[in-house]
4 protein chains.
Amino acid sequence: MLMKQSLYKIFTDPIHGFISVPKGTVLRLLDHAYIQRLRRIRQLGLAYTVFPGAEHSRFSHALGAMGLMQKVIGSLKDKNTTISHDEHQSMLIAILLHDIGHGPFSHTLEHTLIKDFNHEMMTLALMRELNSTFDGELETAIEIFTGQHKKKFLHQLISSQLDIDRLDYLKRDSFYTGVLEGSIGLDRIIKTLRIHQDQVVIERKGIYSIENYIMARHLMYMQVYHHKTVLSADKLIRSVFKRARDLIKEDYNLFIPSPSLKFFLTQNLSAKKGLSPEMMRHFVMLDDNDVLICIKYWAQDKDPILNDLSLRFLNRRFLRTTFFNPEKNSGMHEKLQEKTSTFLKKNRLPFDQNAIAYYLSVHKTESEPYTFQNHSIWILEDQDTAVEFSKAAEARHIQALSQPVVKHYCVHLKEVSL
Amino acid sequence: MLMKQSLYKIFTDPIHGFISVPKGTVLRLLDHAYIQRLRRIRQLGLAYTVFPGAEHSRFSHALGAMGLMQKVIGSLKDKNTTISHDEHQSMLIAILLHDIGHGPFSHTLEHTLIKDFNHEMMTLALMRELNSTFDGELETAIEIFTGQHKKKFLHQLISSQLDIDRLDYLKRDSFYTGVLEGSIGLDRIIKTLRIHQDQVVIERKGIYSIENYIMARHLMYMQVYHHKTVLSADKLIRSVFKRARDLIKEDYNLFIPSPSLKFFLTQNLSAKKGLSPEMMRHFVMLDDNDVLICIKYWAQDKDPILNDLSLRFLNRRFLRTTFFNPEKNSGMHEKLQEKTSTFLKKNRLPFDQNAIAYYLSVHKTESEPYTFQNHSIWILEDQDTAVEFSKAAEARHIQALSQPVVKHYCVHLKEVSL
Amino acid sequence: MLMKQSLYKIFTDPIHGFISVPKGTVLRLLDHAYIQRLRRIRQLGLAYTVFPGAEHSRFSHALGAMGLMQKVIGSLKDKNTTISHDEHQSMLIAILLHDIGHGPFSHTLEHTLIKDFNHEMMTLALMRELNSTFDGELETAIEIFTGQHKKKFLHQLISSQLDIDRLDYLKRDSFYTGVLEGSIGLDRIIKTLRIHQDQVVIERKGIYSIENYIMARHLMYMQVYHHKTVLSADKLIRSVFKRARDLIKEDYNLFIPSPSLKFFLTQNLSAKKGLSPEMMRHFVMLDDNDVLICIKYWAQDKDPILNDLSLRFLNRRFLRTTFFNPEKNSGMHEKLQEKTSTFLKKNRLPFDQNAIAYYLSVHKTESEPYTFQNHSIWILEDQDTAVEFSKAAEARHIQALSQPVVKHYCVHLKEVSL
Amino acid sequence: MLMKQSLYKIFTDPIHGFISVPKGTVLRLLDHAYIQRLRRIRQLGLAYTVFPGAEHSRFSHALGAMGLMQKVIGSLKDKNTTISHDEHQSMLIAILLHDIGHGPFSHTLEHTLIKDFNHEMMTLALMRELNSTFDGELETAIEIFTGQHKKKFLHQLISSQLDIDRLDYLKRDSFYTGVLEGSIGLDRIIKTLRIHQDQVVIERKGIYSIENYIMARHLMYMQVYHHKTVLSADKLIRSVFKRARDLIKEDYNLFIPSPSLKFFLTQNLSAKKGLSPEMMRHFVMLDDNDVLICIKYWAQDKDPILNDLSLRFLNRRFLRTTFFNPEKNSGMHEKLQEKTSTFLKKNRLPFDQNAIAYYLSVHKTESEPYTFQNHSIWILEDQDTAVEFSKAAEARHIQALSQPVVKHYCVHLKEVSL
């Protein structure tokens, strides 16, 4: 007797239950060091410092999104959407690899290591490299990923306002943080998702699941992704690396345990002219460990600022975040600079403009729960008519959610009040 | 060794876990036939015909709300809010009894049995009767229930836009229907709820749980409480009883298995001048069983309409609900009447105006996820300032949710299309 | 565009998520009054008096088991097991109807209405009747149900020690009672279930899910199905009906609101010679409502015993259950009879042998978490060898669980102590 | 208005909901680098390579166990058990610190770094160091932890067969792995746990939760802790470090990115004569990162074995585990050695005895779901009598579970079959 499921390797996932990974190309990719590296990069960057349960990695998200994609494709096929074997496999590959270009702590250090860089660039470069390693088997996946495949809906499932990426991470991040308000009704969304004229649409009866999904996304931004302490931890770790760079520029003899991180810190790299093979080779060696091990040893370094910043991180003495209204707070920055300077001086730390900047900065966040302008969501009103979501929904609140939420904030020492 | 928990009787509730009911007055009330009667009244009326899991009773809601009240009071006491033993017990009693006046299938038949009636009237009348049975022990509970207690926040916890009643039923109805979009973050709401200047407020950090709560309420209205088939099942069961009354008026010899239901059907009772002892005595004998057993036997009755309507109910051949825009559908009603008449004629049923009305009617529903006008929700911005919720929330969508959602609909034979 | 899922009607179930019922025969059966009647019969009889959440009906179990069967058949087909369209549909029908012959409160009154009766008899008789109504479309379903179909594994899925019936009710009863210890790993069981030589087997890697399943079943018996108060509520309701019958025998003029219940109570029916058409016609009119409405009105009856027993039920003043060791308690029954008689006398109730029996009786329960003798569970050790479960499991505790757990108990007035 | 909950810092935990950490000593300890270090040590060692969701750290377990301890102490106080403020705080401290001495990947490398070492030693040494840092505030916590406190039950809650440690990790590991069979009924256990004659006991009505707890523990051992692939990943990582040590002994110039790991690898340390300050100083610098970063760079090392072993780890080409019966497999080891040698030779790797040992070894695991000999579980049968659990439980299966489950296994190359 031949056992058919030996065609799959089964994983147990706390979110989606059993995930069946097809043996062959997909499983070999999953076991490839480039994907396995994602096990060492936290999905939510530094959010685990606030939500202790949120220690999940980009790997579990990539695997989960692939499992979800399996379900969605199965459901679409049941509804008579034609998806060839090659397209099916390529969709699994595309979603599995969609985040492969992320660096340590996901977004936190994205702009610290290489100038003019973003992770999508690296993702695509690595996909192409893998494509040649795998003898061209990723061709279709790359077409889909870059939006050049003739079936537009395939790309939409990978990247749009209602893509498998978002569906998995919202559910997953809500689960691991314990923030129940971010939970979404995955089953109902899958059940009502279909393809209409080469476009992803949701059947009318799923409209409330979509309302809920958009609201959940909004609430996750407010409660988790843009949580005050997460924002301040982000700033702190960037200050550590800025300080390290500044010391290196001054020819300070800094111990850097990670050779690949050393490569990036001691050179002034830019992605403007593309990614060199050397940059790629070092990049895939990096993960959260390289960052954390540096901070750990830098906490014993003699430079007072690097030492202070690193110790703050290790002992969880973070900076503080304050949201403010920019119209009502002119002159705020100057006052804070002065107070910060005084504090540093009192603590026998350097207190010039440069030093102040490690401890004080002003930012803004922007989140857009839904926008009807770009890869918007469509509702299938009847067998023939699809309507853009904010027009289909009766309630006005969706239109209100279609405008970006902008928040201005300042990160500062807790001893320095606004 | 005396075991302290013998002061409580423990119930296992799938929503709240263990519920401890204090022995003494509260437990005796719980075991009283008036409360036990709520076991035979479905919490969601006819919604179980659409959501097969939603078979829970008003009793489990009353008990659950009481369990939740225990938690809330415990949490408030931890935050130094003074609540005396008598107030504590009275809160448990008030929430336990808050729905005691409901008739069969909750809201469905509310206006069918007695004119000018609502269930709050009956609740209060029964509370007063119980108060004399229990030698005045319900005095404070009645004060709180009617809003006459000097501590205003006690009443708010029983009845406001953020009361224990709503918190329990949203969570419970979401759980039993399987409509996950209605799930709310109870723990966070309880954790951030406090009393400020004799008023229930939510601490700033709980604001997103409140957004989620209001959105969940909105979605439960859209998906469950005002579900098309639930609305049409409601109409059908009211038509059955209207037909029964009409037959009785014509001196038709109708078999009514339930003596108490017979009392209400054969008399023209009104609550305008209050509730007579006889009305109360018969009312507490009624529950879903009386209604269902009538329909079961009426399905064998010789009257063709009563027979047809009852059989439709038992065999789940419901009428159909269509939502419409009243501005675009003038003349609709006349056309539908004609078509209905034709259908009835073809099926050898009476087809006059009276008969048509059993099968065709026009209604509207109204739901208001949140309103800032009446017992609104307050957010504690800092130690001194409470702000009305829609002003505290940064996003505009809450203001959009503060206006009633009105839907017009028509219930008609499925053979009769709009 | 034709929408494919219009081939199904979708239900939302809190346990299994979405359940797709194929339109046509299966949906027409689901909507048939015989199945809809199960909505009015509680799955767990009187357990809701102890576990307030356990108000679910046999209907939700029947629908849920059908949904689960869909999943299992889908999974078996994926593993290359051949199941024809007719067999597939017949499996859905067989599981949907497997409990159709249950009377009011499931097992509680099974032997009260008809002598020598059990619900399987009635199930089969009703299936046959439906088969002729549906022009022979239930032929295969009946073959499977009665074990006469040539593919033995089909029957095993309907009725064995690891059948879909048990899988659904364990999960469902655990969910609604809130007794988490009864929860089972459905997904893993389905994932590892396959057919080997016309027999249901579990793959080796699923063995711990089966251990857990057997343990869960054991714990549900101990905590729910044989809960002390459930046992005493059962006794009480049987006493009510015994009293009613005794009164009728003595030509007492008893008001019986339910005509069909009257039929059974006023005749001495036996199923020894089969079920007459009249018995079937009245049986399908019965449900929990008929029983509850009788008790409600009998609580106002003048017969002191009927009145007392009925009021006890309505006001939740149940009898008490005490487990005992029969070897150590000889003479116990006599002593209890005496005490009971004294109590009844004191309360001005009849106190003869007949009266005592309403308030006092001795019973035993038996549960067998697993037995290797009858339709046992088989584990597929490798591609060729299936081994009986208790031999495959390494731990000795399973063999220990393979012997019946017998408990002796006495139900008595709480004023009468053992 | 002073807000009382400012006495606590609140964490959101996906298992226990909100956890309130008292400000002051407990919070300062939580934020101390020694505890924060546990964020970088995975709770389940290498189990995340099999269960992708199981990426949680020892920190989240320590925090969670503390949250659970809060609940248990609260419940015990409600039941009139006297626990002083100092005892209360000390219990929180003791449970928070109970795992502080764990090294990288928890148990995996426990014996690789220091001879004659176990993590309890280090835990106690670090507690004592913290005690002097915190001016003696940990005195009582250390007394409780070491079993020297006069109230014995305090120690039992920290360490026994039913301690808070196990309760948290079973629930947590089950949640993160997605292995539902390991889920336990925490609420019921807490509800029925009490102190009787200075001993932790469970009330009679909680006995089935305890059965379930023991069974869950058994199933977690079988399915997770002793999962075949977890065992083989453990062996692989130990082989990597054995190879590194062997190379160092031969004066091979090995790059070790982590200075503290270098300390342990280049010296032959033993804990026989206690832990030196230097050992402690380096130990608290170690976490999973140090290990992973080494393996990453060693995968580029020139030594063929270190290179091969490291690459296997990174690309998830693990060794294979086979369970065997030692009585039936004499001579097995010799045959496998031969085959392994042949394979290594063919792959141009060293193939002497030393080399073979990196790729082949024989082990046994032992798990004991319950034993009545050591810190056993007691059931309170009535107000006066506590009975050891296996005697209180009626079913024989518990006695069967009271004997250790021993499994022999061999880890070998997958190309080398048994």
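**From one residue outwards**

Mentor: Leu7(D) sits in the segment before β1 (8-13) of chain D. The model is predicted. Is Leu7(D) buried or exposed? Leu7(D) has 12 other C-beta atoms within 10 Å, so it is exposed. The cut-off matters here, because a residue with 12 or fewer such atoms counts as exposed. Leave aside the neighbours within four places in sequence, and Leu7(D) is in contact with Pro22(D) and Lys23(D). His196(D) is 189 residues away along the chain, and its C-alpha atom is 32 Å from that of Leu7(D).

Stay with chain D for one more exposed residue. Asp135(D) lies in the loop between α6 (119-133) and α7 (139-145) of chain D. It has 9 other C-beta atoms within 10 Å and is therefore exposed. Its backbone deserves a check. Phi of Asp135(D) is positive, about 50 degrees, although the residue is not a glycine. Most residues other than glycine have a negative phi. Phe105(B) also has a positive phi, near 55 degrees, and is not a glycine. Its place is the loop between α4 (85-97) and α5 (110-113) of chain B. Phe105(B) has 24 C-beta neighbours inside 10 Å and so counts as buried.

Which elements of chain D give two or more residues to the side that touches chain A? Start with the counts: 38 residues of chain D are in contact with 39 residues of chain A. The elements giving two or more residues on the chain D side are β1, α2 (33-36), α3 (58-78), α9 (164-177) and α15 (288-298). The largest share of that side comes from α15(D), with 6 residues.

Ser258(A) shows contacts on both sides. Its position is the loop between α12 (228-249) and α13 (259-266) of chain A. With 27 C-beta neighbours inside 10 Å, Ser258(A) counts as buried. The threshold is 20 or more. Not counting residues up to four places away in sequence, Ser258(A) touches Asp290(A), Ile293(A) and Cys294(A), along with Pro257(D) and Ile293(D). Asn289(A) is 31 residues away along the chain, and its C-alpha atom is 9.0 Å from that of Ser258(A).

On to helix packing. Two packed helices are described by the angle between their axes and the distance between the axes. In chain A, the axes of α9 (residues 164-177) and α11 (residues 207-225) come within 11 Å and cross at roughly 45 degrees. That makes α9(A) oblique to α11(A). The crossing is left-handed. Leu170(A), Asp173(A), Ser174(A) and Thr177(A) of α9(A) meet Ala216(A), Arg217(A), Met220(A) and Val224(A) of α11(A).

In chain B, α3 (residues 58-78) packs on α9 (residues 164-177) at about 120 degrees, with the axes 9 Å apart. α3(B) and α9(B) are therefore oblique to each other. The crossing is right-handed. From α3(B) the contact takes His61(B), Gly64(B), Ala65(B), Leu68(B), Met69(B) and Val72(B). From α9(B) come Ile164(B), Asp165(B), Leu167(B), Asp168(B), Tyr169(B) and Arg172(B).

Chain C gives another arrangement. α3 (residues 58-78) and α4 of chain C pack at about 150 degrees, with their axes 8 Å apart. That makes α3(C) roughly antiparallel to α4(C). This crossing is right-handed. α3(C) contributes Ala62(C), Ala65(C), Met66(C), Met69(C), Gln70(C) and Ile73(C). α4(C) contributes His88(C), Met91(C), Leu92(C), Ile95(C) and Leu96(C).

Finish with α4(C) itself. Buried residues in α4(C) are Ser90(C), Met91(C), Leu92(C), Ile93(C), Ala94(C), Ile95(C), Leu96(C) and Leu97(C). How far apart are the end C-alpha atoms of this helix? At 1.5 Å a residue, the 13 residues of α4(C) (residues 85-97) should span 18 Å, and the end C-alpha atoms are 18 Å apart, which agrees. The expected span is 1.5 Å times one less than the number of residues.

Key
Residues are numbered from 1 along each chain as its sequence is written. Chains are lettered from A and ligands numbered from 1 in the order in which they are written. This is a predicted model: local features need pLDDT of at least 70, side-chain atom pairs count only at pLDDT 80 or more; totals for chains, interfaces and linings use all residues. Helices (H or I, at least four residues) and strands (E, at least two) are DSSP runs, numbered from the N terminus. Axes are lines fitted to C-alpha atoms, for helices over the stretch in contact, and angles run from 0 to 180 degrees between N-to-C directions. Angles under 35 degrees count as roughly parallel, over 145 as roughly antiparallel, 65 to 115 as roughly perpendicular and the rest as oblique. A crossing is left-handed if the near helix is turned anticlockwise from the far one by less than a right angle, and right-handed if clockwise. Two residues are in contact if their C-beta atoms, placed from the backbone, lie within 7 Å.
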